[in-house]
Amino acid sequence: MNIVVCVKQVPDTATERKLRSDDSTLDRSANGVINELCEYAVEDALKLKEAYGGEVTVLTMGPDQATDAIRKALAMGADKAVHLSDEALHGSDALSTSYALSQALKKIGFDVVILGSESTDARTGMLAAMLAERLGVPQLTLASKIEVDGSAISIHRQTDYGYDKVEATLPAVVSVVEKPDPFKPRYPSFKGIMAAKKKPIEKIGIADAEIDPAQIGLAAAWSVVSDFTAAPPRGKGVVVNDEGDGGTQAAEFLVSKKFI
Amino acid sequence: MAEILVLVEQIDGEIKKVTLELLTLARTLGEPSAVWAGPGYTDVAKARLSEYGAEKIYVADSADIADYLVAPKAELLASLVGSRSPAAVLVASTTEGKEVAGRLAIKTDSGVITDAVGVAEGFVAEQPVFGGGVVVHSKVAKGTPIIALRPNSTQPVATAGAGTEEKVDVALTDAARAARVVERVKEKSSSRPELTEAAIVVSGGRGVGADFSIIEQLADSLGAAVGASRAVTDSGWYPHEFQVGQTGKTVAPQLYIAAGISGAIQHRAGMQTAKTIVVINKDGQAPIWEIADFGVVGDLHKVLPQLIDEITKRK
């Protein structure tokens, strides 16, 4: 099975995340890490390979420093990587990004594309659905469980009430949600980290993936930011120590705010 | 007045509160037309949508729309955008709503904005980003504005609309029938409000322990939804769909009660735009206190039972 896992490098949530004052795009100078849910996507990709054979290719789109996210995925056990990097991609919105990635995916070829269900920076949660739309293949998103049987694939799609069982035929685009142990992403072993250094990372630009420059970057964006400001800080709250009447005091606060 | 399409969110024919919020907002922007996608349309649904201002109701109630994942709804909306040329399309910024919006944007070559909490004249959308730390105003530059709005961002207000029905037949393409929903498994009783829609959320963290009944009791005494921190869902103490935070749900209720939650940045990213935040925690130094409007430093296993008693007494 030819498995492609899309990963994204994002600013660490623990650092102060900012938009750039010049063009309102994400400030990527902050400490970059692999997006958390992408690690689940890598884990699920590796599990599929272990169960059904094949190869796991990592695909990322982003500037040069996004190599860190690729190395992490390779250290976890992915076989090789493709890094789509081009100045012209700077400022691409979800429509442009889905277009550029779909072009790269057509070039790489795939039976299954796996993604995390959203990134911690933009959090649009749309990319997997948009890739399915662009590639004309089934959308199997928000998966907490993936099963493959020949060319048939089914998932448990997480819902507010439990899950939906959804079936389709390969090739398909799958997005995954966070899961408890024992389904958490594996830690790269020392051997894995050393091996990752020798694994091939193919760098491609927009011409290699036959990406139309008119469809990408800030100039092509389908939406524009008019302004942004820091949210006002919350006011200082009232804190009491429980001297045996903490619950009563909390109830009185809720009454004062008309919640009771 | 310009027509604004509003995609109705419903489960088994029951309209979700966020749809009424979208209709209320749509009235400030133009004439709302509700779009019903899937089976379950009844006179009750019609009355509810009209009550909140739907001038028109497009009804596409074939079973196919619900039997296949997301794509049929995007096809339905794309065909309406093509034939009616609305001024904008509003959907709920839920996981599915955003997926529909994304596919619709590609189909109609239109810009899309997600997680909006408001839309002003000229379809300028307001979005909190980075967990609410930054507020962005943005606008769609191409095509028909497609805007996904977070639940709880508008107070629903009833104002009657004509509610003129129009049947819509969509001939779904094969591509829209690619992912088939074969079973819907309901794991939890639906007596509590849905997490992202609830006006009050009671969340528990590591400090609660594996037995979540005290959190559920407090939630039920307030008519609230139950949430959980990642420490809890990671341990398998409570299902992942109840996780509040960066890798779970984002909530913005009127009241958020955090019990036994230390308030890591990843958790705060999912709840710090709540209007009022109440904290109960043993550790007076935990980061959650930075955003508390009111809090009790103490053992939640002592404080919460007393709080539940007081609430029950005062009702």
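In this predicted model, strand 14 (residues 200-204) of chain B runs parallel to strand 16 of chain B, and the two are joined over five bridges. Strand 16 of chain B also pairs in the parallel sense with strand 17 (residues 276-281) of chain B, again over five bridges.

**Partners across the strands of chain B**
- On the side of strand 17 of chain B, Y256(B) has I277(B) as its bridge partner.

**Burial of strand 16 of chain B**
- Because five of the five residues of strand 16 (residues 255-259) of chain B are buried, this strand is largely enclosed by the rest of the structure.
- L255(B), I257(B) and A259(B) point one way from the strand, while Y256(B) and A258(B) point the other way, and the residues of both groups are all buried.

**Contact between chain A and chain B**
- Chain B brings 81 residues to the contact, and chain A brings 67 residues.
- Within the side of chain B that touches chain A, helix 9 (residues 300-314) of chain B supplies the largest share, with nine residues.
- By residue class, that side of chain B consists of 40 nonpolar, 22 polar and 19 charged residues.
- Strand pairing also links the chains, as strand 9 (residues 162-169) of chain A and strand 13 (residues 180-186) of chain B pair in the antiparallel sense over six bridges.
- Opposite G162(A) stands K186(B), which belongs to strand 13 of chain B.

How values were computed: Residues numbered from 1 in each chain as written. Chains lettered and ligands numbered in written order. Predicted model: local features only at pLDDT ≥ 70, side-chain atom pairs only at ≥ 80, totals over all residues. Buried ≥ 20, exposed ≤ 12 C-beta atoms within 10 Å, placed from the backbone. Helix = DSSP H or I, 4+ residues; strand = E, 2+ residues; numbered from the N terminus. Pairing = 2+ DSSP bridges. Contact = placed C-beta atoms within 7 Å. Nonpolar A, V, L, I, M, F, W, Y, C, P; charged D, E, K, R; others polar.
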